[in-house]
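Reader: I am new to reading protein models. Could you take me through one, feature by feature?

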Amino acid sequence: MQIDTSLLVVGSGPGALLVGKLASGRGLGSVIAGHQITDPDQGDGDEPTPLSDEAVAILTPHGVFDVLRPYLASHHPVAIEPAAFEEVLKHHCVADMNTTVYDGLQLVEA
């Protein structure tokens, strides 16, 4: 299958999703390939992680912070469980017309 895209994001975890979502907020279409959601059963994602003021400032203009707000573990300081952050972000990316997510896709050179 051949896919044309303005931005190809390759990686797993929330970072890849965040890059794709922020690009979409700038009007740039993206494909996120090879994503694998963090497995909370492996000990990742169960303890709330504080979000710095800088992180909130980056997430806010793109509407991402508003989407995360109902899932925050605390508001002062702002903190969210990593698994919840990633799950909500993934659903937000999937619902975005400028972002396509392919879980478990392997890339090969042509």
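Author: Start with a pair of charges. Aspartate 96 forms a salt bridge with lysine 21, and their closest N and O atoms are 2.5 Å apart. A salt bridge here is a side-chain nitrogen of Lys or Arg within 4 Å of a carboxyl oxygen of Asp or Glu. This is a predicted model: local features need pLDDT of at least 70, side-chain atom pairs count only at pLDDT 80 or more, and totals for chains, interfaces and linings use all residues. Residues are numbered from 1 along each chain as its sequence is written, and side-chain values use heavy atoms, with hydrogens and water left out.

Reader: What does the pair of aspartate 96 and lysine 21 tie together?

Author: In general, side chains of opposite charge can pair when their charged atoms come close. Here, aspartate 96 lies in the loop between H4 and S6, and lysine 21 in helix H1, so the pair ties together parts that are 75 residues apart in sequence. The labels H and S are DSSP runs, numbered from the N terminus: helices are H or I with at least four residues, strands are E with at least two.

Reader: Are aspartate 96 and lysine 21 buried or exposed?

Author: Both aspartate 96 and lysine 21 are buried. Buried means under 20% relative accessible area, exposed over 50%, and partly exposed in between (1.4 Å probe, protein chains only).

Reader: How many salt bridges does the structure hold?

Author: The structure holds two. Aspartate 66 also forms a salt bridge with arginine 69, with the closest N and O atoms 3.0 Å apart. Aspartate 66 is partly exposed, at 46% relative accessible area. Arginine 69 is partly exposed too, at 38%.

Reader: Next, strands. How do S1 and S2 run?

Author: Strands of a sheet pair through backbone hydrogen bonds, either parallel or antiparallel. Two strands count as paired if DSSP finds at least two bridges between them. Strands S1 (residues 7–10) and S2 (residues 30–35) run parallel, joined by four bridges. One partner pair is valine 10 with alanine 33 in S2.

Reader: Which unit do S1, helix H1 and S2 make?

Author: With H1 at residues 14–25, they make a right-handed β-α-β unit. Right-handed means that, with the strands pointing away from the viewer, the path from the first strand over the helix to the second runs clockwise.

Reader: In what order do the three strands of the open sheet come?

Author: The order is S3-S5-S4, with antiparallel pairing. S3 (49–50) and S4 (74–75) are the edge strands, each pairing on one side only. Two bridges join S4 to S5 (residues 78–80). Serine 74 stands opposite alanine 79 in S5. Proline 77 is in the loop between S4 and S5. The peptide bond from histidine 76 to proline 77 is cis, with omega near 0°.

Reader: Which residues of the largest nonpolar core touch the most other members?

Author: In soluble globular proteins, nonpolar side chains tend to be buried together. A nonpolar core is a set of buried Ala, Val, Leu, Ile, Met, Phe, Trp, Tyr and Cys residues joined through side-chain atoms within 4.5 Å. The largest core has 19 residues, and Ile32, Leu59, Leu68 and Ile80 touch the most other members. H1, H2 (53–59), H3 (64–68), S5 and H4 (82–94) each supply at least two of its residues. H4 gives the largest share, five residues.
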